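Please look at how the parts are arranged, and then follow the paragraphs below.

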Amino acid sequence: MEFKIKTMRNKIILLVGILFTGIYVKAQKFDVTGFARTYEGVTYNNGDFAIIQQTLNLNFEKRGERVAFKVNPMVYLYNTDSLNLNIREVYMDMYFKNFDLRVGKQQIVWGKADGVFITDIVSPLNLSEFLLPDFDEIRTGVIATKLDYYIGNSTIEAIWIPQFTPTIRPDANSIWYIQPEFPVPATFDWSQSEINPSLENSELFLKWSAMTSKVDFELMGGYTWDDNPAMHVQKQFGLDTITMPPSPMLTGLAITPEHHRLTVAGGSFSTEVKGVIFRGEAAYYNGKYFQTEDPTAEDALVQKDYLNYVAGIDFNIANVKLSAQFIQKYILDYNDMMLDDEFHSTATFLARYDMMRETLHLELFSYIGLSDKDALIRPKVTYDFDDSFSMLLGGNIFVGEREGQFGQYQDNSMIYTKIKYNF
Amino acid sequence: MFTLKKIRINNLKLINMKTLKLVVVVALILATSIKANAQLTGRQIVEKAYNLPTGDDQTSILTMTLINKSGQTRVRKIQQYTKDFGNMEKSIMFFLSPADVKNTSFMNWSYDSDKADDQWIYLPALKRVKRISSDSKSDYFMGSDFTYDDLGDRKLDADVHKLLREETINGKDCYVVESISKDEDYMYSKTITWIRKDNFVGMKKEFYDEDGELLKILTIKKVEKIDGFWIRMHSEMNNVQKNHKTSIVLTNIKVNTGVSTSKFTERMMMRGI
């Protein structure tokens, strides 16, 4: 539910709409919170602005004893003329004695891992700016019906998503778009990439979670769609007339991106031992399509199961909050013709220190590609000028092998500022 | 022969004897009482202070004002609920302001046994409840002058308590007790607490840093008895080394209203008040 507003007339309509909405919600005594933010980043490789973004985030909430309503529009202005309206969430809550029901567009977060998505697969990702947005902005909302049934300290959550939403990829003109390289010209046919909304095509998720004095845990299952399409590749051949006799030669590739069903089962836990938080999360993905160079494979794809897991710890040393995670993906029944590695390992590291009565925050967060030998290093300093106003200076530094998921963005390394007003 | 005067004298003697007996009994009771209190050890005094009844549950709005050395203020407002579950106490806080922390919630389960507290935080931006370490008790709560340890219930035998003297502050007779942690790595080298003799309510506390220098002074500015329970309505922590302070004022206090056990769950952390 994202609208790009191009014309001046539509922009004026949007602004007038927001104004009248404001008057209406005041009359209805909605609780209004949100923020205004300016965000500018410049690549230090060539001095180009990587991002010039102004954001207005509005939360309108009204809650009674038994029902609640929320709508969260976000308006993004890119550069000077590209205005995007994104209704991040709009839902109604109904509260009963032992269960709650939420209907509408909503963001749903599962799991215990930070910054990685193992069992957290209900809300797809918006990767149009890679992994750089704040974690609440990187997820997209899904139109869903969510039922939470409570038994003591445990919860059974069931989710039905009638319409599939895929991962949002960078536009072709974005600095985060990586042009795929092919040995011969390739054409894309996107006609199969849409999933028709129907009962048959809906997604189902189920989770049982509990919060106890010893351990918190979640067990989940999902009958879903792969958020990332499989690339069905048809090879096109012609005759090489230079050779005698003429022989068939590869002249082009016809690529058809298509989403496939995926069945997922997993779980996560979190517990404290002598002041250290231990976290773990794992999921088994059944029926994922991977690219292969096997000439006998249909559409250059092979279907395999894989495991994705993370182990993490959180602890404090001298008031510095530290966190580290090891993440690994393991493809079962692997063969050497697959383009992906059998094991793919990543780590994350976080250090955070608050000073000056929690008005100055120093933070270093890093993704470290252990398999790809690359990294994304994200230092930042935030100063709270007062309780509602903060200023941030940070860096996104991509280093390492250019083939790696982080190293490929070396030219996009940047410094950036964010100034934010909360209300 | 009995004369009126004799009768009067005899009656007077009788009254005097009765009065004398009464005085003796009262004196004995008082003496016993004074002797009993005089014999209290530092540990016993602190135990009585720690064991003051607080009711089965309590609800209040906590307003925390951070004041820096130039007098500028920052205000945090929290709705809090506490409930006694017998061998454990559960508390939950919902942050009402400032805007950037609104709808954040924090839950703590503390145990009578030596088990460390369990703590969780819900950040609305992350949309999930996260277990956090209760080991960071020396961290300052929301940038205030109160550490998590200052705000929580300290275990009686975590410290060695010694009665130093008796003093009067604000017209109230107090025991002055020194407490030194058994844990050498504890953030305070010692604390000194002024505890009222009549009701064992703490009135003042001094915190000394690891070098033995006075770091902070907690002053209880207003105590009230609500529904039969002593409640510290207004307290102020003054960091004398950095010259900034934090005041905590409780309002809308309700005791024993039967707060539901379901208030202290993940469901309520995410839903809010």
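In this predicted model, the centres of domain 1 and domain 2 of chain A, taken over C-alpha atoms, are separated by 25 Å. The domain assignment places domain 1 of chain A at 1–88, while domain 2 of chain A is given as 96–388 + 395–422. Where the two domains touch, domain 1 of chain A contributes 15 residues and domain 2 of chain A contributes 15 residues to the contact. On the side of domain 1 of chain A, the elements that give two or more residues are strand E2 (31–43) and strand E5 (82–95) of chain A, and the largest share, nine residues, comes from E2(A). By class, this side of domain 1 of chain A divides into eight nonpolar, four polar and three charged residues.

A further contact joins the chains, and it takes 28 residues from chain A and 26 residues from chain B. On the side of chain A that touches chain B, two or more residues come from each of helix H2 (135–138), strand E15 (261–273), strand E16 (276–291) and strand E17 (301–317) of chain A, with E17(A) giving the largest share, three residues. This side of chain A is made up of eight nonpolar, 12 polar and eight charged residues.

Among the contacts in chain B with a separation of 6 or more, 40% are between residues 24 or more positions apart.

Methods:
Residues numbered from 1 in each chain as written. Chains lettered and ligands numbered in written order. Predicted model: local features only at pLDDT ≥ 70, side-chain atom pairs only at ≥ 80, totals over all residues. Contact = placed C-beta atoms within 7 Å. Helix = DSSP H or I, 4+ residues; strand = E, 2+ residues; numbered from the N terminus. Nonpolar A, V, L, I, M, F, W, Y, C, P; charged D, E, K, R; others polar. Domains from an automatic or database assignment.
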